[in-house]
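Trainee: I would like to learn how to read pockets, domains and ring pairs in a model. Could we go through them in turn?

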Amino acid sequence: MQITKDKVVQFHYTMKDESGETVESSTGGDPMAYLHGHNNMIVGVENALADKSAGDSFSVTVAPEDAYGERQEDAVQRIPTKHLQGAKVWKPGMVAVVHTEQGQRQVTVLKVGRFMVTCDLNPPLAGKTLTFDLEVVDVRDASDEEIEHGHAHGVGGHQH
């Protein structure tokens, strides 16, 4: 079965930065699962997976605009310390989670004050060209409920 819209795809990945350093990998754990064609995946990865089948393995290099976007140098904001999640004590360079109207967002701490923290709002991998080693594990038809919810359920997907 080929990967097309409304298919649930399970795959393993290894993401590498421009220097070839592994940034993240699902190898050794459960595969990642997503609902194809519903904006649940990095655009460059989803496009590369289109029309592939279970058992396919390949690599794709994704430009920033099709990954985490270009860096925006003016994306800096002061945030009350109480809104940062992930640590008790913050230091420059640490990554925090902040809840926004658009959902959870990762921010990078630039400067720490007593009550406020200056944060870089760019995703940590913004502006980076990334290479993904991909292995398609399974492709199946999505259930009506998954299509209605807009995401895959089960192992590697969303858990209700």
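Predicted model: local features only at pLDDT ≥ 70, side-chain atom pairs only at ≥ 80, totals over all residues.

Trainee: How many residues line the largest pocket, and which lie nearest its centre?

Mentor: The lining has 16 residues, and M32, N40, M41, I42 and Y68 lie nearest the centre of the pocket. The volume of the largest pocket is about 420 Å³.

Trainee: How does the lining of the largest pocket divide by class?

Mentor: Sort the residues into nonpolar, polar and charged. The lining of the largest pocket has 12 nonpolar residues, along with two polar and two charged ones.

Trainee: What is the volume of the second largest pocket, and which residues line the second largest pocket?

Mentor: The volume is about 300 Å³. Among the lining residues are M15, V23, E24, Y68, Q104, R105 and Q106. The list also includes L121, P123, P124 and L125. By class, the lining of this second pocket has seven nonpolar, two polar and two charged residues.

Trainee: Which strands each supply at least two residues of the lining of the second largest pocket?

Mentor: They are β2 (22-25) and β7 (103-112). The largest share of the lining, three residues, comes from β7.

Trainee: Which residues does UniProt list for "domain: PPIase FKBP-type"?

Mentor: An unreviewed UniProt entry lists residues 6-80 under that name. In the model, the span 6-80 is 9% helix and 39% strand, and its end C-alpha atoms lie 41 Å apart.

Trainee: Now the rings. How many aromatic pairs does the structure hold?

Mentor: Look at two values for each pair: the distance between ring centres and the angle between ring planes. The structure holds two aromatic pairs. In the pair of F11 and Y13, the centres are 6.1 Å apart with 55° between the planes, and the pair is tilted.

Trainee: Why is the pair of F11 and Y34 edge-to-face?

Mentor: Planes over 60 degrees apart count as edge-to-face. The planes of F11 and Y34 stand at 85°, so this pair is edge-to-face, with ring centres 5.9 Å apart. F11 lies in strand β1 and Y34 in strand β3 (residues 32-35), so the pair ties together parts that are 23 residues apart in sequence. F11, Y13 and Y34 form one aromatic cluster.

Trainee: Are F11 and Y13 buried or exposed?

Mentor: Both F11 and Y13 are buried. F11 and Y34 are likewise both buried.

Trainee: Where is G154 placed, and how far apart in space are G154 and A33?

Mentor: G154 is in the segment after α2 (144-149). Distance in sequence and distance in space are read separately. G154 and A33 are 121 residues apart in sequence, and their C-alpha atoms are 8.1 Å apart in space. G154 has a relative accessible area of 27%, so it is partly exposed.

Notes. Residues numbered from 1 in each chain as written. Heavy atoms only, no water. 1 Å grid on protein atoms, 1.4 Å probe; cavity = no way out; pocket = protein on both sides within 12 Å on 5 of 7 lines; lining within 4 Å. Points joined across faces, edges and corners; volume = space filled by probe spheres on them. Nonpolar A, V, L, I, M, F, W, Y, C, P; charged D, E, K, R; others polar. Helix = DSSP H or I, 4+ residues; strand = E, 2+ residues; numbered from the N terminus. UniProt positions renumbered as here; feature names shortened; annotations may be inferred. Phe/Tyr/Trp six-rings, centres within 6.5 Å; stacked < 30°, edge-to-face > 60°. Buried < 20%, exposed > 50% of the residue type's maximum accessible area, 1.4 Å probe, protein only.
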